[in-house]
Amino acid sequence: MSDSIDHVLQEEHLVAPSPEFAQRATLHAEDYQQMYRESLDDPEAFWGRVAGELHWHTPWTQVLDWQEPHAQWFVGGKTNIAHNALDRNVQRGLGDKRAIIWEGEDGEIRTFTYSQLLDDVQRAANVLTSLGVVAGDRVTLYLPMIPEAVIAMLACARIGAIHSVVFGGFSVNALADRIGNAESKLLITADASYRRGAVVPLKDNADAAAQKAGVLEKMLVVRRTGSAVQMQDGRDVWWHEAMQDAGTEHEAAALDSEHPLFVLYTSGSTGKPKGVVHTTGGYMAATYLTMGAVFDLKDDDLFWCTADVGWVTGHSYIVYGPLLNGASVLMYEGAPNQPDWGRYWDMIERHKVSILYTAPTAIRSFMRAGDEFPNRFDLSSLRLLGSVGEPINPEAWRWYWRVIGGERCPVIDTWWQTETGSIMLTTLPGAFPAKPGSAGLPMFGVDAAIMNMQGEELEANEGGYLVIRRPWPSMLRTVYGDDDRYRKTYWGEIPHVYFAGDGARRDADGYFTVVGRVDDVLNVSGHRLGTMEIESALVSHPSVAEAAVVGKPDAVKGESVVAFVLTQSGHTVDPAELRKHVTREIGALARPDAIYIADALPKTRSGKIMRRFLRQVAAGQEISGDTSTLEDPAVLERLAATPVQ
Ligand code: WT7
């Protein structure tokens with residue numbers, strides 16, 4: 001566990017919701033207590049009622065079937081999440097309500113009402129079918145943050161194709177691995193994307209990845225930038241042409257509640273990312289419930305989640321959660337500092353955003369850029385602020401609350417993961433005071449606890465492992481193609497509980513504070529990266545013999561990537577070339593900030609690299625702890641004297 005983050009989180013201070021927020025809030029403390037109790041005492045009744053607010057083609061016969069570690073929710077039920085996100089809302093009179101307001105980095109604005117979005121999704125579903133995609137097929141999406149990304153996801157869901165969205169910042173190799181692992185039939189991409197004014201050649205990357213992966217049959221290409229691309233005859237189809245030819249009539253498929261909805265790759269403690277599998281009915285019920293409850297959603301809200309759809313936050317709180325609730329969402333294509341650090345505040349003023357959901361790393365960048373940017377804009381439309389992705393330090397929390405929220409808007413921290421599908425820990429904004437730095441209380445149905453490795457629950461304020469003691473509807477069902485890994489990683493670490501991989505503690509009021517990962521996973525600017533993934537990228541360079549990667553606390557990014565590299569004998573390596581190599585292998589998000597070209601690594605006699613000591617070297621700390629197990633303790637002094645490149 002990282003001591004430095006722990007230290008930052010020590011501060012404790014309660015901030016109650018403002019009276020004007022609390023008065024209008026839907027859920028108060030008594031509601032939470034009563035609902036939380038029911039959700040654990042009678043989960044069948046609780047979740048049955050939640051799911052029952054949505055449309056089912058066929059009702060379920062059993063709410064939960066739990067055969068540890070496999071859960072089935074709403075057994076026997078048939079439904080369609082895209083139907084619930086669109087048709088159902090049009091049917092209940094929201095056809096003319098704005099579903100998506102999209103703004104491009106270049107300032108272009110496109111708006112879709114629920115009826116228009118439904119039209120496009122129906123067309124896109126027909127396009128997928130005409131390309132030979134059927135229920136159960138995997139479709140990879142490699143797209144910029146444009147409305148077509150949402151349309152493509154919902155079109156997949158409509159026909160029962162399993163989408164696998166790959167973040168547009170991933171490299172050719174990372175994309176090829178994900179296409180190959182999922183054995184996708186179709187890739188949906190764009191000619192290129194805009195990022196900080198630059199043009200990123202997505203289609204070129206897609207072509208190279210397609211060749212590497214070998215499994216793709218078709219490619220659908222959205223025109224975004226107008227960049228020249230090579231269209232391969234018989235394989236590639238322009239999105240706009242196919243959409244024009246497609247009909248708008250389409251009946252959403254009635255899918256089994258446990259039909260897989262999507263695969264989303266995330267980093268773990270091995271070199272290979274895992275495909276987290278989510279299914280239909282349970283994910284739908286939980287994203288629907290949490291979106292409404294956690295964000296105190298009202299009919300006239302404009303919700304803005306600044307995540308990319310390539311991450312789970314985008315899946316659950318740009319696409320499914322908001323649309324299931326008939327909400328209006330703002331979607332933004334570009335970077336927060338285009339043309340300058342005022343971009344978000346300008347957008348909030350112009351569009352009158354009422355709820356903002358963003359990440360601590362962004363908040364810290366805004367803090368650093370200076371108050372003059374937000375202060376230039378009218379942010380009075382805001383009423384609620386959310387944070388996600390990593391622990392939010394109290395200093396950033398307070399800045400967000402004071403400068404962005406004008407001390408009027410509650411700030412809620414939300415802890416969850418790709419695997420959990422929906423928000424698991426938070427402080428309901430109208431119900432309880434927030435404790436800056438603490439994620440808060442368990443969401444409905446979430447039986448969270450702090451345990452040691454033996455599965456014993458710890459006392460208040462004792463640091464341990466965050467676990468969930470029973471299944472919840474939006475939990476991952478398996479790791480794609482590797483159920484054994486699912487079993488071992490999540491249900492095999494501590495007996496009979498879900499192991500989140502995070503260190504945490506719970507205080508006497510029941511508030512959870514999540515400290516950070518306890519495995520070899522880094523959190524860099526809210527992006528999850530496996531140290532072993534970066535190490536395998538490094539050693540794939542012909543001049544690298546061995547590599548060890550650790551995180552170093554960073555004031556803005558949370559953590560930064562530090563690499564210790566041993567060169568092949570007779571070779572020299574240029575750190576700039578190594579950074580380029582990692583960018584090629586994974587993507588710029590994994591590029592090491594600091595590189596040590598070392599002559600040896602601290603290893604035990606049995607050859608295990610002691611990363612603990614490397615973390616201390618990287619942070620410039622005194623070496624502490626027992627170094628006697630090291631084969632050569634002098635390595636540490638030599639490393640500390642090695643120049644950082
Ligand atoms: C890991 C999950 C679903 C959120 C986006 C990231 C860390 C996430 C918090 C928070 C402290 C947090 C954890 C977790 N994390 N939110 N509010 N406080 N830590 O999803 O990529 O699957 O990463 O992010 O370490 O395990 P992800």
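Guide: The second largest pocket is lined by 27 residues, and Y288, L289, G292, A293 and N325 lie nearest its centre. A pocket here is an open set of points on a 1 Å grid over the protein atoms alone, where a 1.4 Å probe fits, with protein on both sides within 12 Å along at least five of seven lines; lining residues have an atom within 4 Å of a point. The model is predicted: local features need pLDDT of at least 70, side-chain atom pairs count only at pLDDT 80 or more, and totals for chains, interfaces and linings use all residues. Residues are numbered from 1 along each chain as its sequence is written.

Visitor: Which helix gives the largest share of the lining of the second largest pocket?

Guide: Helices are DSSP runs of H or I with at least four residues, strands runs of E with at least two, numbered from the N terminus. The largest share, four residues, comes from α11. α4 (43-52), α5 (81-94) and α11 (281-294) each supply at least two lining residues.

Visitor: How do I read the two sides of a strand?

Guide: In a regular strand the side chains alternate between the two faces of the sheet. From β8, L186, I188 and A190 point one way and L187 and T189 the other, and all are buried, that is, under 20% relative accessible area with a 1.4 Å probe, protein chains only.

Visitor: Which residue of β11 is the bridge partner of I188?

Guide: L220 is that partner. Strands pair if DSSP finds at least two bridges between them; β8 and β11 (residues 218-222) run parallel, joined by five bridges. β6 (residues 138-142) also pairs with β8 in the parallel sense, over four bridges, and L141 stands opposite I188.

Technical notes:
Side-chain values use heavy atoms; hydrogens and water are left out. Buried means under 20% relative accessible area, exposed over 50%, partly exposed in between (1.4 Å probe, protein chains only).
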